[in-house]
Amino acid sequence: MSLVNLAAVCSHLNNATKARLGLTSIPNSNLHLKLCQALQNSGYISSVVRGGPTPPPMHPILGYPTANDEIEGVEPITRDNVASRRLWLGLKYWQNESVLGKVQMVSKPTRRINLNVEELRRVVRGHEANHVDGLRSPGESLYLSTDRGVLEARECVEKKLGGLVLCRVL
Amino acid sequence: MSFARPARCVFCSFSRAATQSTRVPRRQFHPSLPQFNDRPKPDVPVIKAFGKSAKSSAKATDFKPYTEEEKAYLAKEYSAAQLEAVEAGEAAIDPKDLAKQLNERDDPLKLNYVDDFSVIEPGIDRHVRSPQSNSDYNFKFKSEDDFVQDFGRFFAELPDDATGADFAKFADELRLTHGKEENELNSHSALVPDLFGPGETLDEPRAEERKTAAEKGEKERSLEAEEMTDALRSLLLATGYTADQVRDFRLKTLVSHSVVNQTRLGKVRRAYRLSIAGNGNGLLGIGEGKSEEASDAKTQSQYRAIRNMQPVPRYENRTIFGDVTGKVGAVSLQLMHRPPGFGLRVQHLIYEMCRAAGIHDLAARVSRSRNKMNTVKAAYEALMSQRDPEEIARARGRKMVDVRKVYYAGKV
């Protein structure tokens, strides 16, 4: 679990939304994939598709690549192509504003922050805990890496899970 | 079909009221039967006679034959034959049956109030109309000769010291028709009579209040005429506000200093004013004015502030949505939402802005520089940069639920 690469992904997402890109790619890894799927579940990004160095073909109706495209299909991972795989993310915009706001790392490669359920409850209620600021703005999310994958902080509280804090999305 | 049942919170099933029926007696306004039963309906319809399940409030022993005293009392009211009939009637009914029948109704059609229907309440039970016997279908209008006769009688019977009141009385009493008097004055009508008499209404202000309001209006109009300037007139024209509204806005001049323009003729000093305007209920604007005259600069800035007024998003009309930041020049500040009753724990400039905008709970931190002018501008920028939760929900395609609203209806 490289937080260095994750930090690069966060910066890249910020740059891509500022540049108003509709589709962008990040290096493929299991952590990145899980985080992107969590972001997609929260509605921050429209699609996550694993593809090669070139963007996967667009869905004829939706206008962005989809993982369950029946016509084109997704190329399976093999030992030969695994190094060249990338995750292609569809970015969303609403009323001239990027839906994905600022993505910020909370844990740093040199300082990992873990939160238990008690601390997470405080954070979700908007208080500071373990040097992690509370979620105090509408639509603010915090993503944690837990035993059951990458989850949003509120889901973690629901499932009574603690974990490593990855990033904050505003 | 239980449309009459109130929607209940799913979580409130434990705190449900003990009685299922409405506790406040009231009229039944809807024709469908209210169903106060929460138990699931049995498969086989239960047919039960009205009042069968209700406990009888009377016993057979309660109904006793008349005593001698009572008979003597009845004898004063009734003749001997009538008394005999009454006693025969009483004897014909078994006291057991009487006890069984005399109980409170339990059926869905029962009334929610106690009434023996001995009195007709006008407006509730039915409209009180004059009786049909007042009608006279054979009335005739008086002819001219009849009226001449009436007038002749009036003048003949006129006293020596006659006044206008005499004629008014005569005119009131003068009848226009021959026939029953009630037919003309208080005739029966199929139309529903008004609940109010002539000139009566529920909400018409009293004459005194109306008068004072009119006087007030005159005063205001005279004030307006004095104060109306070209600048104010153009402001009213541009914004569509009335002079009254403009007077009621909360105006405050927050920054005032002089500025200097260096020309080849020398330094030209002018007064600078920065004002804010708000209506105390969600509108806020800032305006700057510069002029040789300080008072001129002030009015200029105030009018510009009124023109610039924009709605500030407010959560529960008291605080802001989320924490926001603003940065103008070297001033960067952070506004933080706070719970009800927290108050405005902010520095004076932001305090005045909150007062004008109608924000009651807020905390702020101004970092780096604290330049007055830029603080006001940065605070305005921060207030305007709030994100609407509805918009966020639309953008993300996810529901966002305000838990306070759901669980406490915003009353905490």
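**Notebook: strands, helices and the A–B contact**

I began in chain B, where strand E5 is joined by two bridges to strand E6 (residues 310-311), the two running antiparallel. I note here that the model is a predicted one. Looking for the partner of Leu283(B) in E6(B), I found Pro311(B).

Next I followed E5(B) to its other pairing, and I found eight bridges joining strand E5 (residues 283-291) to strand E4 (residues 266-278) of chain B, again with the strands antiparallel. Within this pairing I looked up Arg273(B), whose bridge partner in E5(B) is Gly289(B). I then went to the turn of the hairpin, where four residues lie between E4(B) and E5(B), and there I noted that Gly280(B) takes a positive phi near 75°.

For chain B as a whole, I recorded 14 helices and ten strands. Of its 412 residues, 15% count as buried.

I picked out one helix of chain B, H4 (residues 144-156), and checked its length against expectation: at 1.5 Å a residue its 13 residues should span 18 Å, and the end C-alpha atoms are 18 Å apart, so the two agree. Is H4(B) buried or in the open? Of its 13 residues the number buried is zero, so H4(B) lies largely in the open.

I turned to chain A, where I found an open sheet of three strands in the order E1-E3-E2, with antiparallel pairing. Its edge strands are E1 (23-27) and E2 (45-51) of chain A, each of which pairs on one side only. Neighbouring strands of this sheet are turned by 25° against each other on average, with direction ignored.

I traced the pairing of E2(A) with strand E3 (residues 86-91) of chain A, which are antiparallel and joined by six bridges; in this pairing Val49(A) stands opposite Trp88(A) of E3(A). I then asked which helices pack on the sheet. Helix H1 (residues 3-18) of chain A does, touching E1 and E3 of chain A, and its direction makes about 170° with that of E1(A). Helix H2 (residues 30-41) of chain A also packs on the sheet, where it touches E1, E2 and E3 of chain A, and its direction makes about 155° with that of E2(A).

Last, I looked at where the two chains touch, and I recorded ten residues from chain A and twelve residues from chain B in the contact. On the chain A side, I classed four residues as nonpolar, five as polar and one as charged.

Terms used:
Residues numbered from 1 in each chain as written. Chains lettered and ligands numbered in written order. Predicted model: local features only at pLDDT ≥ 70, side-chain atom pairs only at ≥ 80, totals over all residues. Contact = placed C-beta atoms within 7 Å. Nonpolar A, V, L, I, M, F, W, Y, C, P; charged D, E, K, R; others polar. Buried ≥ 20, exposed ≤ 12 C-beta atoms within 10 Å, placed from the backbone. Pairing = 2+ DSSP bridges. Expected span 1.5 Å × (residues − 1). Axes fitted to C-alpha atoms, helices over the stretch in contact; angles between N-to-C directions.
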